[in-house]
Amino acid sequence: MAKRNQLKVRKVGNSLGAIIPKNWEVSEGDILHYEVSQNKIIIDRYESDLEHDRRVIDEGFKDFEKGLIVDNERLKKRIW
């Protein structure tokens, strides 16, 4: 059986919140999806990870369109 971890629920203004452990690799502003199933709450980062990957790819294409790329020859000679 997997190790069970705990999140402590705290009052935040008129709402409730929980402190997310750093090893979950969640950043401020990330949107976590959740599902309630009987007596379990399942938190899912999948959609947030996909959105992050899309942003990184889009930034890479912007650099490519601006010509901000380094080919293997320039990389070997450290000319850029």
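Trainee: Buried means under 20% relative accessible area, exposed means over 50%, and partly exposed is anything in between. So where does Lys 62 fall?

Mentor: Keep in mind that this is a predicted model. Lys 62 has a relative accessible area of 42%, so it is partly exposed.

Trainee: What does the side chain of Lys 62 meet in a salt bridge?

Mentor: The side chain of Glu 59, with 3.5 Å from N to O. Glu 59 has a relative accessible area of 45%, so it is partly exposed too.

Trainee: How far apart are Lys 62 and Glu 59 in helix H1?

Mentor: About one helical turn, because they sit three residues apart in H1, which covers residues 46-65.

Trainee: Changing topic. Which residues make the nonpolar surface patch?

Mentor: Leu 7, Tyr 34, Val 36, Ile 41 and Ile 43, and together they make a patch of about 530 Å².

Trainee: Which strands each supply at least two residues of that patch?

Mentor: Strand E3, residues 33-37, and strand E4, residues 40-44. Ile 43, for example, is found in E4. Its relative accessibility is 38%, so Ile 43 counts as partly exposed.

Trainee: What about pockets? What volume does the largest one have?

Mentor: About 700 Å³. The lining is made of 15 residues, and those nearest the centre are Leu 7, Trp 24, Ile 41, Ile 42 and Ile 43.

Trainee: Which element gives the largest share of the pocket lining?

Mentor: E4, with four residues. E3 and E4 each supply at least two residues of that lining.

Trainee: And how do the lining residues divide into nonpolar, polar and charged?

Mentor: Eight are nonpolar, four are polar and three are charged.

Trainee: Let's look at loops. Where is Pro 21?

Mentor: In the loop between strand E2, residues 15-18, and E3. Pro 21 has 30% relative accessibility, so it counts as partly exposed.

Trainee: How far apart are the C-alpha atoms of Pro 21 and Ile 31?

Mentor: They are separated by 15 Å, and the two residues are 10 apart along the chain.

Trainee: What's up with phi of Glu 25?

Mentor: Its value is near 55 degrees, which is positive, and Glu 25 is not a glycine. Like Pro 21, which lies between E2 and E3, Glu 25 has its place in that loop. With a relative accessible area of 61%, Glu 25 is exposed.

Trainee: And what about the phi of Gln 38?

Mentor: Gln 38 isn't a glycine either, yet it has a positive phi of about 55 degrees.

Trainee: Where is Gln 38?

Mentor: In the loop between E3 and E4.

Trainee: Is it a buried or an exposed residue, this Gln 38?

Mentor: Exposed: the relative accessible area of Gln 38 is 80%, and exposed means over 50%.

Methods. Residues are numbered from 1 along each chain as its sequence is written. This is a predicted model: local features need pLDDT of at least 70, side-chain atom pairs count only at pLDDT 80 or more; totals for chains, interfaces and linings use all residues. Side-chain values use heavy atoms; hydrogens and water are left out. Patches are made of residues with over 30% relative accessible area and no salt bridge: like charges are joined within 9 Å, nonpolar side chains (Val, Leu, Ile, Met, Phe, Trp, Tyr) within 5 Å. Accessible areas come from the Shrake-Rupley method with a 1.4 Å probe; for residues, only the protein chains shown count as cover. A salt bridge is a side-chain nitrogen of Lys or Arg within 4 Å of a carboxyl oxygen of Asp or Glu. Buried means under 20% relative accessible area, exposed over 50%, partly exposed in between (1.4 Å probe, protein chains only). On a 1 Å grid over the protein atoms alone, a cavity is a set of points where a 1.4 Å probe fits but cannot get out, and a pocket is an open set with protein on both sides within 12 Å along at least five of seven lines; lining residues have an atom within 4 Å of a point. Grid points are joined across faces, edges and corners, and a volume is the space filled by probe spheres set on the points. Ala, Val, Leu, Ile, Met, Phe, Trp, Tyr, Cys and Pro count as nonpolar, Asp, Glu, Lys and Arg as charged, and the others, Gly among them, as polar.
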